[in-house]
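Please open the model in your viewer and keep the selection tool at hand. The stops below go from a whole chain to a chain contact, and then to single helices and strands.

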There are 2 protein chains.
Amino acid sequence: MALIVQKYGGTSVGSPERIRNVAQRVAKFKAQGHQIVVVVSAMSGETNRLIALAKEIQAKPDPRELDVMVSTGEQVTIALLSMALMEMGLKAKSYTGAQVRVLTDSAFTKARILAIDEEKMRADLDAGFVVVVAGFQGVDGDGNITTLGRGGSDTTGVALAAALKADECQIYTDVDGVYTTDPRIEPKAKRLKSITFEEMLEMASLGSKVLQIRSVEFAGKYKVKLRVLSSFEEEGEGTLITFEEESKMEQPIISGIAFNRDEAKITVRGVPDKPGIAYQILGPVADANIEVDMIIQNVGVEGTTDFSFTVHKNDFEKAIGILKGVQGHLEAKDVLGDDRIAKVSVVGVGMRSHVGVASQMFRTLAEEGINIQMISTSEIKISVVIDEKYLELAVRVLHKAFHLEQEV
Amino acid sequence: MALIVQKYGGTSVGSPERIRNVAQRVAKFKAQGHQIVVVVSAMSGETNRLIALAKEIQAKPDPRELDVMVSTGEQVTIALLSMALMEMGLKAKSYTGAQVRVLTDSAFTKARILAIDEEKMRADLDAGFVVVVAGFQGVDGDGNITTLGRGGSDTTGVALAAALKADECQIYTDVDGVYTTDPRIEPKAKRLKSITFEEMLEMASLGSKVLQIRSVEFAGKYKVKLRVLSSFEEEGEGTLITFEEESKMEQPIISGIAFNRDEAKITVRGVPDKPGIAYQILGPVADANIEVDMIIQNVGVEGTTDFSFTVHKNDFEKAIGILKGVQGHLEAKDVLGDDRIAKVSVVGVGMRSHVGVASQMFRTLAEEGINIQMISTSEIKISVVIDEKYLELAVRVLHKAFHLEQEV
């Protein structure tokens, strides 16, 4: 008997029929003698419907109130799934984030989980219940409803698995695993049987959209065995996320091509090239709770330097406004922005021991006439920012250049 | 400066536009220096949408899970109204029933309020916030979400007014007060400037649908000054619900004609006419948390008697099932039911000191050929059960017979 946490996304619970399918899958695992905690998202489309409704009232909805509203999406799904499980003769019980309780900080719309009280869930599991928990949401120390931000249901799943010391956390999604890149852009993309945590971290953060980055961080930190599976296929082992030490001997150089079109770039031009300038620029941005992704500072020329970074497109306007506000104080020549960009990355643990990956990547893009606007590298990935109109082309040519269409 | 609790029903918050109108009205009171707590229902249609969705999964939805789902309706409205208030430059903050906290018993879908913690609301009011609270919902001692049943938002409003010792509780609805009967059935119906608590209690319980019965009970118990107003008219004093001692000198005999088509009648025929039989019949019904309205036991004949009562149509099938189950134990000849009935009542404090009201009522119905199936009386009302097809006719002829079309 194992304790399994299963997470189903919005598409998997998008209709009463699909909710019944999820219930059937859960029942199958329960029949095998496992204890099951299910984490669900809002029915697909529901979160967007609620946000649109809020925007009819307030162009920029108050974050606290937006969380009160948006959290109702999962609250509906947990009840429906619990009913569907009961209809199959199982004992089931739903919990909102506040009821569990998933304690978070107070950063509305992008809260972080601080602690989880697993006592109630444990008692219910021992009493034979399937426990159904609302993903994406929590409660702060003052009892305010919070949400974890888009994709936060994955994080809820992994965090519950960590708190309950579950044997496995299964993320069911509309794809059957992690691919070398998005098959909608490159039909020759292949499913990876396993991928290391580090690679997955890069793949998720770079926008392969299979798992939310924080869920992977959580899984790594608490050593949660994480598996990505399709909720629409009966069989299939999905992709297992492995710790590096247990990864296979013959590591391919590159595991996949990730991309992200949700970012915008901001450049602060001609700031004095002196200690503390990075903090002076990013401090106010961080204070506004805006997450910054790539950060690039060029070598200074004539005492001044240019500073560039990327933020989520939703935060673009706000970040520009903040920087325009402090431009005088920074003694910056200009604050420029562009939200028509895309980021493309090659990811692979194997590139550590191989030279030439970067040059191969840059040459491939150059051959297609794709201009590189920004470059950022880590041990296991190389990311470039390009004009968003070249995104699909870049993904396809890189997938081919690194021979990812071959069996892995 | 007064502390006012305002309650707005589903129609009053049925669209973003209407929510803005509510916000404007609240802002007007706030500008006059009052402290305002607003209680809102779900947007009209939302509760029914959610129940229909639940029924796609479970024909008879699990009550605990149904409450988890249905309570999301008001949760959306509190957020939207708070946003609308902020958009007008006011400070506003929303609370779900669980957050306030509105402590209830655990009778899911028909819970009763046990206590309200007014501390947070008081602190917010003192800090200049408009406090927006979800009606209709609460939380039990174990942290489960509960709902108070249909119309429960009125009860929330009055209960909050009582807990906060508010100066007035204003119930905004789609009518501008309490009428002598439903104007949709009798266009000559007149608005009452005031009505006593006792009459209101009878009017509400008998289905005039302006206020939920429990809210009136609460108001009477805690001496809450209650006013019914239209949310669609700028001016107007609505109808004030008075305590009897302060009611006007010249009491009209009859205040209004109430009716209810939501009930069904059940008759247990030929049970032994012995002590304890009423309890043996109604005990199992009460245990199933089914509310019983009229109860009539005829005089026994030859050692047996017939026992009749009415329940909500939603509980009809369940109640019949329960009684069929105990029919043998009761030694009853038969259990019969009819859900095609309506109840019509004449209500008035004045009838206490006037004879002939009952005979006037029965004669009027007889003249129209309307058969009376059951009769039940109290100090200030007389109710009859008739075939539901005669409902409108009965209301109109009684309204005329008691001269209610005249100015009051």
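**Before you start**

Residues are numbered from 1 along each chain as its sequence is written, while chains are lettered from A and ligands numbered from 1 in the order in which they are written. The model is predicted, with local features needing pLDDT of at least 70 and side-chain atom pairs counting only at pLDDT 80 or more, whereas totals for chains, interfaces and linings use all residues.

**Stop 1: chain A as a whole**

Select chain A, which has 13 helices and 22 strands; helices (H or I, at least four residues) and strands (E, at least two) are DSSP runs, numbered from the N terminus. Along its principal axes the C-alpha trace of chain A spans about 75 × 50 × 35 Å. A compact globule of 408 residues would have a radius of gyration near 22 Å, and the 22 Å of chain A agrees with that; the radius is taken over C-alpha atoms, and the globule rule is 2.2 Å times the number of residues to the power 0.38.

**Stop 2: where chain A touches chain B**

Now show both chains: 28 residues of chain A are in contact with 28 residues of chain B, contact meaning that the C-beta atoms, placed from the backbone, lie within 7 Å. Which elements of chain A give two or more residues to this side? They are helix 1, helix 2 (46-57), helix 3 (63-70) and helix 4 of chain A, and helix 4 gives the most, with 11 residues. The residues on this side of chain A divide into 17 nonpolar, seven polar and four charged, where Ala, Val, Leu, Ile, Met, Phe, Trp, Tyr, Cys and Pro count as nonpolar, Asp, Glu, Lys and Arg as charged, and the others, Gly among them, as polar.

**Stop 3: helix 1 against helix 4**

Select residues 16-31 and 72-87 of chain A, which are helix 1 and helix 4; their axes come within 9 Å and cross at roughly 55 degrees. Axes are lines fitted to C-alpha atoms, for helices over the stretch in contact, and angles run from 0 to 180 degrees between N-to-C directions. The two helices of chain A are therefore oblique to each other, since angles under 35 degrees count as roughly parallel, over 145 as roughly antiparallel, 65 to 115 as roughly perpendicular and the rest as oblique. Helix 1 of chain A contributes A:Ile19, A:Arg20, A:Val22, A:Ala23 and A:Val26 to the contact, and helix 4 of chain A contributes A:Leu80, A:Leu81, A:Ala84 and A:Leu85. These residues divide into eight nonpolar, no polar and one charged.

**Stop 4: a hairpin in chain A**

Move to residues 374-377 and 381-387 of chain A, strands 21 and 22, which pair in the antiparallel sense over four bridges; strands pair if DSSP finds at least two bridges between them. A hairpin joins the two strands of chain A through three residues, and A:Ile375 has A:Val384 in strand 22 as its bridge partner.

**Stop 5: two sheets in chain B**

In chain B, eight strands form an open sheet of mixed pairing, in the order 3-6-2-1-9-13-14-12. Its edge strands are strand 3 (92-95) and strand 12 (194-196) of chain B, each pairing on one side only.

Finally, find the open sheet of four strands in chain B, ordered 17-18-16-19 with antiparallel pairing. Helix 11 (residues 313-330) of chain B lies across strand 16, strand 18 (304-312) and strand 19 of chain B, running at about 10 degrees to strand 16.

Notes
Contact = placed C-beta atoms within 7 Å.
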